[in-house]
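Have it open while you read.

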Amino acid sequence: NTTIGVIATDAVLTKAQAHRLAQVSHDGLARTINPVHTQFDGDTLFALGTGTAGKSPSMLLLATLAAEVTARAVMGAIRAARGVQSGSMYWPAATEMPRP
């Protein structure tokens with residue numbers, strides 16, 4: 001399976017900073033998806049800065065927030081998902097599964 005996402009900020013980012021932000025955002029995937037980053041996955045996160053804030057906070061702060069919002073976005077998607085019916089097959093969503 002593949003997870004694709006975008007991390008966007010209004011901060012001013014250089015190309016190198018955007019690349020680093022996309023890299024650390026994968027930590028958010030690792031917090032919420034198991035297994036993650038297998039040889040069959042195409043997990044990809046992009047990062048961009050619009051620059052409208054006119055300044056750039058520390059990369060430590062941006063990286064921490066990027067991983068956190070990625071994890072929250074994945075959890076939100078899991079909670080919003082619904083099962084899929086295809087012919088006689090039904091694949092339930094996580095929210096439809098019985099709890100142990």
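1. First, the ground rules. This is a predicted model, with local features needing pLDDT of at least 70, side-chain atom pairs counting only at pLDDT 80 or more, and totals for chains, interfaces and linings using all residues. Numbering starts from 1 along each chain as its sequence is written, and side-chain values use heavy atoms, with hydrogens and water left out.

2. How do α1 and α2 pack? Helix α1 (residues 15–32) meets helix α2 (residues 59–80) at an angle of about 40°, and their axes are 7 Å apart. That makes the two helices oblique to each other (angles under 35 degrees are roughly parallel, over 145 roughly antiparallel, 65 to 115 roughly perpendicular, and the rest oblique). The crossing of α1 and α2 is right-handed.

3. On the contact itself (heavy atoms within 4.5 Å), α1 contributes residues including Leu21, Val24, Ser25 and Gly28, while α2 contributes, among them, Leu62, Ala63, Ala66 and Thr70. By class, the contact of α1 with α2 has eleven nonpolar, five polar and four charged residues.

4. The largest nonpolar core has eleven residues, including Ile7, Leu21, Val24, Ala47, Leu62 and Ala66. A core here is a set of buried Ala, Val, Leu, Ile, Met, Phe, Trp, Tyr and Cys residues joined through side-chain atoms within 4.5 Å; buried means under 20% relative accessible area, exposed over 50%, and partly exposed in between, using a 1.4 Å probe and protein chains only. The elements giving two or more residues to this core are α1 and α2, and α1 gives the most, with four.

5. Leaving aside neighbours within four places in sequence, Ile7 is in contact with Leu21, Ser25, Phe46, Ala47, Leu48, Ala66, Val69 and Thr70.

6. Is Thr70 buried or exposed? Thr70 sits in helix α2 and counts as buried because its relative accessibility is 4%. Beyond neighbours within four places in sequence, Thr70 is in contact with Ile7, Ser25, Gly28, Leu29 and Leu45.

Key. Axes fitted to C-alpha atoms, helices over the stretch in contact; angles between N-to-C directions. Left-handed = near helix turned anticlockwise from the far one by under 90°. Nonpolar A, V, L, I, M, F, W, Y, C, P; charged D, E, K, R; others polar.
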